[in-house]
Number of protein chains: 2
Amino acid sequence: MSTSNLYQGVSIPEAQADSTEINYFIESAYPVDIAAFIESLDLGLGLTHLLKLDVEKRAQVFSYLDLETQVQFANALSHEALAEIASKMASDNRVDLYNQLEPSEQQQLLEDLDREQREDVKRLSVYAEKTAGALMSSEYVTLAGNLTAKQAIDQLRHEAPKKTAIYRSYIIDAELRLLGVVRLHELILASDDTPISKIMDQNPVKMSIDDAQEDVANTINRYDLTTIPIVDANNRLVGIVTHDDAADAMQQETTEDFHKAGTVEPLTQSVMKASMGLLYKKRVVWLSLLIFGNLFSGAGLAFFEETILAYVSLVFFLPLLIDSSGNAGSQSATLMVRAMATGDVTMKDWKKLISRELVIALALGLTMALLVFPVGVMRGGYEIAMVIGLTMVFVVMVGSLVGLSLPFLLSKLKLDPATASGPLVTTIADAVGVVVYFSIATSLLDL
Amino acid sequence: MSTSNLYQGVSIPEAQADSTEINYFIESAYPVDIAAFIESLDLGLGLTHLLKLDVEKRAQVFSYLDLETQVQFANALSHEALAEIASKMASDNRVDLYNQLEPSEQQQLLEDLDREQREDVKRLSVYAEKTAGALMSSEYVTLAGNLTAKQAIDQLRHEAPKKTAIYRSYIIDAELRLLGVVRLHELILASDDTPISKIMDQNPVKMSIDDAQEDVANTINRYDLTTIPIVDANNRLVGIVTHDDAADAMQQETTEDFHKAGTVEPLTQSVMKASMGLLYKKRVVWLSLLIFGNLFSGAGLAFFEETILAYVSLVFFLPLLIDSSGNAGSQSATLMVRAMATGDVTMKDWKKLISRELVIALALGLTMALLVFPVGVMRGGYEIAMVIGLTMVFVVMVGSLVGLSLPFLLSKLKLDPATASGPLVTTIADAVGVVVYFSIATSLLDL
């Protein structure tokens, strides 16, 4: 949990540290750590340090900055200076930046880039956010199928400086269709004159441009890949996704799921950097929506005013009962949301899961009823205890079934199942719980 | 979210599918998918299919089975058959299996393995779970510092078949101390007689044996690595962790955090495979603990019986107020827990965050007070509305501060901050909320 050891011993200096310390840090630290340092400074100072770096490292460091920060710097830099950095960035980072710029700045940047990079940016910028297309890069090596291992290695030698990913090369035909993948590992092992068509994997794992980035990441994890080829509808190779970009995408998705589970609207920035206004915005919407959900519980209670006045001790157990229902519901919802995110559970599993949940929830309800019964007897007498016990069984089951089903319902409605958060489930379960509780009371206590 | 495209078009056959379909699948599918198929069968049938595979593929498929399933198979197999598989497994998977076996079986397996593998298992089996040591493998290439690029590549050619990770080789001295890392990329580019000491990275990112697996995974992500060297206290190279194993570890950690956030005790198996009994166990403990938390709310209410009887309409707003407090708390807790897991926030940030939270929570509380005020007037008159509004501001702030602080408190107590779940925060916030609500009521409604 502590980041201390993430920084490989080199601790990031304070903004007001003396220049020798800062210079030492900037020379010895890794680009990502330099980026973290620059982000801790105000724009002007950060820019000065960035421009002191040689252009290669400058582009690396720049790529590690938050997109928000990159845009601020882009606006502060001359268009030549920006183009110089952009031309050295990896294609996927370059297009991410491009997509954040104003149309006029985009136009300027395109003009400043050389033809090849200009085409590349145009090509990559069209893909929808959070798809394989948006995640993929163009730094990979393609080989013709008729090469020998020796020829392939020579071509790699030639292209390697430009290309970041040379450990898996892609064999394509004249129409750019993907024929196979050959690992540098095998090229090194093969005798010089082995045709690569003999050693390539002819059935490589691949994904399509419009697959969700979550699925791309899950696939890379499932098949333990370093890079995955992305193809279009005609099996033409259009790019690759590397494991590290997939991991970043996955972490982003997971954080979103976490936030949704806590009814916070997804936050792209770090909590530390997010402004108070932003955090307020991300939280107020759901809190307000849930208020209206809770008004139903209130209405339910109002309806049972008589019962409450006759047996006020019923109220003492209200938080206990509605919370228990909500808690059981949160548990089921959590299990489903996470299992759906990892691809562990899919729509078709609902039937099987709901029947199991009925049994589990019944067992949980009975256990909890037994636990509260004595308390009920103490505080309200035997009759009240009966009401509470019965209600407990019932509301725990209702809560659990709501919690289990809501994620399925949401994804059936093409919504994110992660929205089935504890608080949402709790609010629904509460409203039901109140009605159940006082209905049982009213009938059992013959009012 | 749907797994369909994880299986690369080859859909996993039903257990009762005809043998031609199954055979076709087993020949064409990837090991991980074959493993998924075998797990869907009962033990005996699964074993038959496993043993039909040639030994190399058998070991690969076996490694992808759940550890629980691996152990069942291990018990069903003859010790020779098990040893044959184990000897072909990657060192990290082999030791994971070894650690799950009964002492007698462990002894037998050690005897059946060749000396080198026996020593390797003994060496790797001592590291504590969830540490870098437990995650690392021994399949990597070490080079002497005095080699040339050509000599290094020849050595790789020689060792590559045994070693899984050859893309980064580790340069060590006579005492096995890590001097640097050289990427195959650079070896390919270098002229034959370049000394590798010239092209190696002399300051590679590394971790220590006892670092937490979470930190190893975060470091691999931060520095975009494919493998990371693990060293002991004397900087001796003892193993490497690969990005794919780190990703699996990370996913496991994340799932645990999710489950804790929903007060479910961490579940190592898939929800689909977990027995109902197990799921009951994982859920009942927290649900029962929270009951006792809720009894405080009940006691609070009992204490204010007079007030309730005098102004029963106060009860109508009880769920609304305590839920709002709990919801605001869940939000803060979620933001903190996730930020701590990603290393975004550390202990030292508490001060800064708590002061910001005060402002944000006040703003949220005021907003919600304004929303409920009119409802209060409608249902209970102006005075009641005042009470409700005031209470809302107060409880939202209390809930938020509890939610924000609890994760810090827990990790200060060396507990997992993820235990600061919505339900736990809600229960605490409820108890406080009830007391605040009726205290304000009692004083304002001059009772």
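## Helix against helix

A quick word on terms: an axis here is a line fitted to C-alpha atoms, taken for a helix over the stretch in contact, and angles between the N-to-C directions run from 0 to 180 degrees. Bear in mind that this is a predicted model.

With that in hand, look at helix α19 (residues 318–341) of chain A and helix α19 (residues 318–341) of chain B: their axes come within 11 Å and cross at roughly 55°. Angles of 65 to 115 degrees count as roughly perpendicular and those under 35 as roughly parallel, so α19(A) and α19(B) are oblique to each other. The crossing of α19(A) past α19(B) is right-handed.

## Who touches whom

From α19(A), the residues in contact are A:Leu318, A:Pro319, A:Ile322 and A:Asp323; they meet B:Leu318, B:Pro319, B:Ile322 and B:Asp323 in α19(B). Sorted by class, that contact of α19(A) with α19(B) has six nonpolar and two charged residues, and no polar ones.

Searching the whole structure turns up 16 aromatic pairs over all chains. One of them joins A:Tyr167 and B:Tyr167, whose ring centres are 4.0 Å apart with the planes at 0°, so this pair is stacked. It runs between chains, from A:Tyr167 in strand β2 (residues 165–172) of chain A to B:Tyr167 in strand β2 (residues 165–172) of chain B.

## The annotated stretch

An unreviewed UniProt entry carries the annotation "domain: CBS" for residues 200–256 of chain A. In the model, residues 200–256 of chain A are 42% helix and 23% strand, and the end C-alpha atoms of the span lie 38 Å apart.

Technical notes. Residues numbered from 1 in each chain as written. Chains lettered and ligands numbered in written order. Predicted model: local features only at pLDDT ≥ 70, side-chain atom pairs only at ≥ 80, totals over all residues. Heavy atoms only, no water. Helix = DSSP H or I, 4+ residues; strand = E, 2+ residues; numbered from the N terminus. Parallel < 35°, antiparallel > 145°, perpendicular 65-115°, else oblique. Left-handed = near helix turned anticlockwise from the far one by under 90°. Contact = heavy atoms within 4.5 Å. Nonpolar A, V, L, I, M, F, W, Y, C, P; charged D, E, K, R; others polar. UniProt positions renumbered as here; feature names shortened; annotations may be inferred. Phe/Tyr/Trp six-rings, centres within 6.5 Å; stacked < 30°, edge-to-face > 60°.
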